[in-house]
Amino acid sequence: GLVLMLGFESLVPVWSWSPYYKVQAVSFPNEPDTTVIDVNGIPFQTALSVARHRELGTAYLVPYERVNPDTLDNVLIVGAGSGSDVAIALSEGAKHVDAVEIDPRIQQIGAQRHPDHPYSDPRVDVHINDARAYLEQTDATYDLILFALPDSLTLVSGQSSLRLESYLFTEQAMEEAKAHLKPGGSFAMYNYYREGWLIDRLAGTLNAVYGHAPCVDSVGDIGKLAVMTISPEAGAISCPSTWTPTDAQAAATPATDNYPFLYLRDRTIPPLYLIALSLILAVSVLAVRGVSGPLAPMRRYLDLFFMGAAFLLLETKSVVQFALLFGTTWFVNALVFAGVLASVLAAIEVARRWRPANAAWLYLVLLAALVVAYLIPPDALLSLDLAPRFGAAVLIWFTPIFIANLVFAERFRNVEASNVAFGANLLGAMVGGVLEYVSLITGYQALLILVALLYGGAFLAGRAYLGRRAELVGAGGGEAAEPA
C-alpha cells in the first residue's frame, strides 16, 4: 500500500522530487513572473526578478551596499537556489559567478522559471555540490563570497540534530571561505534567525576567524533577518553598524567540525530528547523481553550487549564523517550503510574460513584501529581528490567496523541460546543509539573514546569465554564450550 501511495504521488504532475524534498513550483495569475517553491508542503523559496527585489528592498541587496561594486570580477554564491542571488550579482556588475547549490531540482526550477534567467547567462557556472566540499576542492579566489540563505528543512537521518548546512557554519568552514578571498575581498551571509543568540554565535565565529567584528545589518524585524559582512581588511567594506555581542556565551562558542550543532545554544541534551530516548529504551526492553524471554539469562552475554552498543556508535560516527567529506546527501548516507553491511558480510566470510589462535588479540587490533581513527581528524582528508578521499575514508572508518564484526562473529558462533544472545546484543544496540546523543555534549570525536570503553567492557565481560577458548585451541580441541 505504501509503494502504491508513493508511486501515485510520484506521477502527480504538480510535484517533483529532489534528493531531499517533495517539490512544488507554483506561479499565480496576478504575478506570472514570480514562482513560489514549496518543499514537503512548506514554503521554501520565491524566484523574484531583480526589479522586484529592488522595489521591495530585500536583504539580497545589502551585501552590495557594503562592498565596492567595481571590484566584483569573481563572485561565489553558496546556496544559489532558484537563482535570485545570481541574478542580483550579475545586475551589480559581477563579471563571473560560481553558483553552488546542493539540490539539483531547485536549481533546475530556477533555470526554467526564474524571470531573469540568470542560469542562462554565460558569466555563470553552476556547481551541483555540497558547499563545504566545493570550498575544499576549488582553487578559485573571489572578490565576494556570499552564503545566501543556505538553510534547509531537512534533518540528516541517523545524526543528532544535524542539518544539511551544519558543516557550512563551523569555524573551519569560515576559515576555508576566508582562504578563498582575493586581497581586499569580502565575505557576506544572511539568513532569518529566530533566536538573537544565533546572530551572536555566527558573528562571534567571524570575529574569531577575521580578527575583528563583522558589519551586521538587521532587515525587517530586528533579530530576525540579519546580514553579516566582513573582510580580512577592516576598511574594505562600508559599515554603518559594527557587531557588538548581546550574548557573550553564544559569541564565544562557535560551531566546529567536531561540534557542528549551530542551533543548540548550550552543550546539553534537551529534556525533550531525554524523555523520548527513555521511552524508546523502555519499549525496546519490553519488546526484546517478549521475544527473547526473561532478561536474567542475558547476563551471560553481557559482552555481546557491550558489542551492540559500541557497534551502533561506530556506525553513527561513519555517517557523520562521510557527511563532512562528501556532503550531507541521502546518496552519501546510502553509501555508508551499504559499506557497513558489506563490512559485516566480509567479516562473516572471513570468520567462516579463519579462526585466530587467541581471539583476545582481535581486541588489541580493534583498539589500534580506533586510535588511528581518533588521531586523524576528518577534515584532514578534505584536500584529497574524490577517489583517494573515498578510499582513505573507507580504510580509516570501516576498518574498525570490519574488525568489530570479526570479534562479534567469533563470539556469537558458540552461544547456546542464540535468541537470548541476540536479544542482549540488540538491547546493547539500542543503548548505543541513545549514547549517540552524548555528542551533543562532547562532540563527535569523543564518541570513539566511548566506543573503545564499550569494547573494553566487552573484553572484560567475555574474558572467561576467551580464556576457555584459548585453552581448547591451544590443546588442539574443537569448538570452545560456552562458560557457565
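**Close-up views of helix packing and loop residues**

**View A. The buried residues of helix α10 pack against α15 (418-435).** The model is a predicted one, in which local features need pLDDT of at least 70 and side-chain atom pairs count only at pLDDT 80 or more, while totals for chains, interfaces and linings use all residues. Residues are numbered from 1 along each chain as its sequence is written, and side-chain values use heavy atoms, with hydrogens and water left out. Helix α10 comprises residues 271-292, where helices are DSSP runs of H or I with at least four residues and strands are runs of E with at least two, numbered from the N terminus. Its 22 residues reach 31 Å from the first C-alpha to the last, close to the 32 Å expected at 1.5 Å a residue; the expected span is 1.5 Å times one less than the number of residues. Leu277, Ser284, Val288 and Ser292 of α10 are buried, a term for residues under 20% relative accessible area, with exposed meaning over 50% and partly exposed in between (1.4 Å probe, protein chains only). Seen down the axis of α10, these buried residues fall within an arc of 35 degrees and so line one face of the helix, the arc being that of the directions from the helix axis to the C-beta atoms. On the other side of α10, the exposed residues are Pro271, Leu272, Ile275, Leu279, Val283, Leu286 and Gly290. Tyr273, also found in α10, counts as partly exposed at 28% relative accessibility, and its C-alpha atom is separated by 29 Å from that of Pro400, 127 residues apart along the chain. Gly293, with a positive phi near 95 degrees, follows α10.

**View B. Helix α15 packs its buried residues against α10, α11 and α14 (386-412).** The 18 residues of α15 reach 25 Å from first C-alpha to last, close to the 26 Å expected at 1.5 Å a residue. Its buried residues are Val420, Ala421, Gly423, Ala424, Asn425, Leu427, Gly428, Ala429, Gly432 and Val434. Helix α11 (residues 302-326) packs with α15 at an angle of about 40 degrees, with their axes 6 Å apart; axes are lines fitted to C-alpha atoms, for helices over the stretch in contact, and angles run from 0 to 180 degrees between N-to-C directions. The two helices α11 and α15 are therefore oblique to each other, given that angles under 35 degrees count as roughly parallel, over 145 as roughly antiparallel, 65 to 115 as roughly perpendicular and the rest as oblique. The crossing in which α11 passes α15 is right-handed, which applies if the near helix is turned clockwise from the far one by less than a right angle, and left-handed if anticlockwise. Among the α11 residues that make the contact are Leu304, Phe305, Gly308 and Leu312, and the α15 residues include Ala421, Gly428, Gly432 and Leu435, where contact means heavy atoms within 4.5 Å.

**View C. Helix α11 and helix α17 (residues 447-461) cross at roughly 160 degrees.** The axes of α11 and α17 come within 8 Å, and the crossing angle makes α11 roughly antiparallel to α17. Here α11 passes α17 in a left-handed crossing. Residues of α11 including Phe306, Ala310, Phe311 and Leu314 meet residues of α17, among them Leu447, Val451, Leu454 and Ala458.

**View D. Helix α7 (residues 171-179) and helix α8 (residues 196-210) pack at an angle of about 50 degrees.** The axes of this pair lie 10 Å apart, and the angle makes α7 oblique to α8. In the right-handed crossing of α7 past α8, Glu171, Met174, Glu175 and Lys178 of α7 meet Thr205, Leu206, Ala208, Val209 and Tyr210 of α8.

**View E. Asn40 has a positive phi, near 50 degrees, in a residue other than glycine.** Asn40 is placed in the loop between β3 (31-39) and β4 (42-47), and it is partly exposed, with a relative accessible area of 42%.

**View F. Leu149, a residue other than glycine, has a positive phi near 50 degrees.** Leu149 lies in the loop between β8 (142-148) and α7 and counts as partly exposed at 22% relative accessibility.
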